Amino acid sequence: MNKYYPFELHCHTFHSDGEMSPKTLVNASKKRGYTGIAVTDHNTVSAVDETVALGKECGLKVIRGIEWTTFFGHITALGNNTAVDWREIDMQNIDAIIEKASKAGAVLTVAHPKRHGSPMCKGCYMELPITKYQYISGFEVWSQKTPNREGYNLRAIELYDSLLCKGNRLAAVYGYDWHREKADYSYAYTFIGDKDEPERAIKSGDTFVSAGLGLDVKVDGQSLPFGSELEAGKHVFEITVVNFFEDFCSRYGVIPKGVALKGSSCAERVAALGEKLTVNCSEGYLRIEIFGDMEGASNLTLALASPYYVIDRR
Ligand SMILES: [Zn+2]
Ligand SMILES: [Zn+2]
């Protein structure tokens with residue numbers, strides 16, 4: 001069984017427009033049960049050192065991050081992220097910027113695509129004309145509130161699927177875009193397959209997003225990290241769902257009901273929980289969703305995993 005760890009990859013402090021000090025952020029993160037967080041203030045890394053040090057004291061992994069915030073779109077850069085000055089970014093040079101940052105070791109994620117900003121925060125809706133998606137590792141398929149039913153999240157998933165269809169490889173991540181301590185709406189988690197090197201796991205696509213649910217997937221009887229390659233042909237998928245955060249699941253009425261397999265590799269398949277699925281996979285991608293009830297609404301996506309990539313070598 002692969003182990004997955006809950007992270008929040010999109011956090012602000014009062015070093016930009018958040019309301020939390022680094023200490024408040026770290027304490028609130030521990031209270032929510034995160035294994036780790038990424039500090040991603042708007043166009044500054046001034047909170048990072050203090051947050052990393054505070055995290056170390058209490059066993060919270062803190063990823064060094066920044067949110068490049070432009071009028072044309074936002075991108076979070078995690079890890080070694082100081083190779084690029086955000087002030088250089090414009091509509092014409094974005095491909096060169098992401099190539100330079102990625103080659104210097106930054107792990108880049110498209111932040112909240114398709115979400116309209118408030119009058120205070122411009123450029124949330126992604127308009128940067130990125131074509132070199134090989135330099136982008138993550139994609140916020142869900143962001144901010146009640147993630148599995150907001151219109152902007154549904155539009156983000158549409159864009160995600162269209163990018164995957166073109167052969168891009170992108171990890172599905174969630175970004176709470178956490179600005180203040182109090183949760184005034186339900187949120188979600190990004191589960192990552194490596195607690196010590198989460199940036200590496202995001203790069204390899206070993207992630208899933210979920211509303212408090214844990215996921216275990218076996219392909220042909222073996223645990224297979226998300227983001228792995230699969231040979232074309234018949235495969236048996238066994239998907240186990242658990243209430244990872246029991247209190248979250250009971251507070252928001254999260255009740256998983258079934259499993260769906262989606263992607264360009266096969267026709268969409270739906271199964272009951274616990275039922276094995278045998279699928280004939282052609283070249284393309286294949287991703288898993290869990291659906292069910294939440295906050296009194298039914299048939300919502302409660303978890304969404306990064307794809308497997310099917311290769312036909314025959
Ligand atoms: Zn943003
Ligand atoms: Zn943000």
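Four strands form an open sheet in the order β11-β10-β13-β16, with antiparallel pairing. This is a predicted model: local features need pLDDT of at least 70, side-chain atom pairs count only at pLDDT 80 or more, and totals for chains, interfaces and linings use all residues. Residues are numbered from 1 along each chain as its sequence is written, while chains are lettered from A and ligands numbered from 1 in the order in which they are written.

Stay with the sheet. Its edges are β11 (222–223) and β16 (277–281); each has a single partner strand, so one side of each is left without a neighbour in the sheet. Strands here are DSSP runs of E, at least two residues, and helices are runs of H or I, at least four, numbered from the N terminus. Two strands pair if DSSP finds at least two bridges between them. β13 (residues 233–243) pairs with β16 in the antiparallel sense over 5 bridges. In β16, T278 is the bridge partner of V236.

Now step back to the domains. The protein is divided into domain 1 (5–210) and domain 2 (213–311), with bounds from an automatic or database domain assignment. Their centres, taken over C-alpha atoms, are 23 Å apart. The contact takes 19 residues from domain 1 and 22 residues from domain 2. Residues are in contact if their C-beta atoms, placed from the backbone, lie within 7 Å. On the domain 1 side, α4 (151–165), β7 (171–175) and β9 (207–210) give two or more residues. β9 gives the most, with 4 residues.

The largest nonpolar core has 84 residues, and V141, A172, F208, V209, L215 and A303 have the most contacts inside it. Such a core is a set of buried Ala, Val, Leu, Ile, Met, Phe, Trp, Tyr and Cys residues joined through C-beta atoms within 7 Å. Strand β17 (residues 284–294) supplies the largest share of this core, 5 residues. The core draws at least three residues from each of domain 1 and domain 2. Beyond its neighbours within four places in sequence, A172 touches residues including F139, V141, F208 and L304.

Finally, look at helix α2 (residues 48–58). Its buried residues are V48, T51 and G55. Buried means 20 or more other C-beta atoms within 10 Å of a residue's own, exposed 12 or fewer, and partly exposed in between, with C-beta atoms placed from the backbone. Seen down the axis of α2, its buried residues fall within an arc of 65 degrees, so they line one face of the helix. The arc is that of the directions from the helix axis to the C-beta atoms. On the other side of α2, A53, K56 and E57 are exposed.

Conventions:
Two residues are in contact if their C-beta atoms, placed from the backbone, lie within 7 Å.
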